[in-house]
Every structure is written in structure tokens, then in C-alpha cells.
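Me: I would like to go through this structure step by step. Please keep it brisk, and end each answer on what I asked for.

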Amino acid sequence: NKLFSIIGHDLRNPFSAILGLTDLLKTNIHIYSSDEIEKITLLLSETANNSYHLLEMLLNWAKSQSNQIQVHDELFSLNELIKNSIDFSMAQQLKKNITISYDNKAYLIIKTDQNMLNTILRNLISNAIKYSHQGGTILIQHQIVNQFVEISVKDFGIGMNEQIKNRLFIDIVNKSRYGTNHESGTGIGLAICKEFVEKLGGNIGVVSEEGKGSTFYFSIPNRIS
């Protein structure tokens, strides 16, 4: 029921915005200035990208709940995957002038499900940007401890009080707070992160203080034998 509620509410709104913006362009294309057309085009692109990202998360969640997603281990570079996950959020970073500092230690080859790990990182990075202040910094670190890959994403944004923090990984879908630039969300991203981390045999947690930022961390087995 929560999933259908999210689909009905959070996908209807962006598609309504897309339809409204395309109607504006269609009706006024010959009288708008190039600056006005560029502004509407950027809004269309941003709304479409956000809608696609939400749809992708919903489909992943639905597949996970029906056990259609299986773990497929493969060898790959952890360093490259983290870099790609950072690059994926470049539009978000530029919009808020966010700097992501990646503590790139020794080159690491790991063995796990690359797609699941990529989804986890993209969601955590996106959330870190969402709750960071304009011009803020995000720190990403990783290490190998006893055949486990440990990764953390730390921001210095608005943080959370104990009540919010204690419910993050209890509810299936949490009501998402607005970001520092009034960015909206569904709260389903963290549910997917938890689901995928656990499917990979790991654990996820958070350390946060209101007004001082949050650090989300998780560890998963490195299945290299």
C-alpha cells in the first residue's frame, strides 16, 4: 500500500510538471526568448531525471520484495565504482556547489554485486548532498577489515535528532524531510539501501547529530576467496 501511495503521489507530481512545461513550450515557442527556453528546458531535464531516478528506485524495491533480484558476484575496482557514483551526482553537486572529497586509498579489487553496491552508494551520496548546506563538503572513505569492505559517506549538513535517527531503518518507507534547498523525496532510498546491504550479507548504520551532519556507513563481505 505504501509503495502504491508513493507511485501515485510522487510520480504524478513530476509528470504533471513535465506536461505543464512542455505545454508552455509548445504554446509559446515562437515568443519566448532563448533565455526563457533554456530555463524551461533545464527544468524539464531536471524533472525528467528525478522522475527516472525515482522510478528506478521503485522498480528495484518491487523486485527486491518479490525476490526477483538475485546477488551476482563479480570482480571490479572499488575505486572506480565510487568515482562513477560521485560523477553520477554531478548535477546535484554543481547546483549546490558541493565538494565531494574521496579518500582514495590503495587500489582495491573486490568481489560482490556491482549493481547493488552502485545503487547503495548513489542513494547515500544523493542524500548527503540533499541535506548539505550550500557550498558544503562530503567525505567518502573506504577500507578493508577482515574480508569486509567498509564504506562511509559523511556530510556536515543539518543532521538528525535521536527520534528521526532511531526510526530510519525501522519503517519500510520513511517520510522524507525536505533538503536544504527544499528538495523533496520519498524516503524509499534508505529502505533500498538497507535491503541491498542485507542481501549482500552486510550491515548499515548512521551516526548523526542535529545541526552537525550525518555519517552513513555500511560493511559488506568481500567475496574474494
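Me: In which sense do strand 2 and strand 4 pair?

Reply: This is a predicted model, in which local features need pLDDT of at least 70, side-chain atom pairs count only at pLDDT 80 or more, and totals for chains, interfaces and linings use all residues. Residues are numbered from 1 along each chain as its sequence is written, and side-chain values use heavy atoms, leaving out hydrogens and water. Strands are DSSP runs of E with at least two residues, helices are runs of H or I with at least four, and both are numbered from the N terminus; two strands pair if DSSP finds at least two bridges between them. Tyr102 stands opposite Ile140 in strand 4, and the four bridges between strand 2 and strand 4 are in the parallel sense.

Me: How many helices and strands does the chain have?

Reply: The order from the N terminus is α-α-β-α-α-β-β-α-β-β-α-α-β-β. That gives seven helices and seven strands.

Me: Which strands stand at the edges of the five-stranded sheet, and why is one side of each left without a neighbour?

Reply: The sheet is open and mixed, in the order 2-4-5-7-6. Its neighbouring strands are turned by 15° against each other on average, direction ignored, with axes fitted as lines to C-alpha atoms (for helices over the stretch in contact) and angles running from 0 to 180 degrees between N-to-C directions. Each edge strand has a single partner strand, so one side is left without a neighbour; the two are strand 2 (99-102) and strand 6 (203-209).

Me: Which residue in strand 7 stands opposite Glu150?

Reply: Strand 5 (148-155) pairs with strand 7 (213-221) over seven bridges, in the antiparallel sense. Glu150 stands opposite Ser219.

Me: Buried or exposed: how does Ile138 count, and at what relative accessibility?

Reply: Ile138 has its place in strand 4. Contact means heavy atoms within 4.5 Å; beyond four places in sequence, Ile138 touches residues including Ile98, Ile100, Ala128, Ile129 and Val153. Its C-alpha atom is 4.7 Å from that of Asp155, 17 residues apart in sequence. Ile138 counts as buried because its relative accessibility is 0%.

Me: At about what angle does helix 3 run to strand 2?

Reply: Helix 3 (78-88) lies across strand 2, strand 4 (137-145) and strand 5. Its direction to strand 2 is about 175°.

Me: Which residue's side chain makes a polar contact with the side chain of Asp73?

Reply: Asp73 lies in the loop between helix 2 (34-65) and strand 1 (74-77), and is partly exposed at 35% relative accessible area. Leaving aside neighbours within four places, its contacts are Lys111, Thr112, Asp113 and Arg223. A polar contact is a pair of N or O atoms within 3.5 Å; within protein, one must be able to donate a hydrogen and the other to accept it, and residues adjacent in sequence count only if both atoms are side-chain atoms. At 3.2 Å, the partner is Arg223.

Me: Which residue in strand 3 stands opposite Phe76?

Reply: Strand 1 and strand 3 (109-112) run antiparallel, joined by four bridges. Opposite Phe76 stands Ile110.

Me: At what relative accessibility does Asn146 count as exposed?

Reply: Asn146 lies in the loop between strand 4 and strand 5. Its phi is positive, about 50°, although it is not a glycine. Asn146 counts as exposed because its relative accessibility is 69%.

Me: What is the phi of Asn97?

Reply: Asn97 lies in the loop between helix 4 (90-96) and strand 2. It counts as exposed at 52% relative accessibility. Asn97 is not a glycine, yet its phi is positive, about 55°.

Conventions: Buried means under 20% relative accessible area, exposed over 50%, partly exposed in between (1.4 Å probe, protein chains only).
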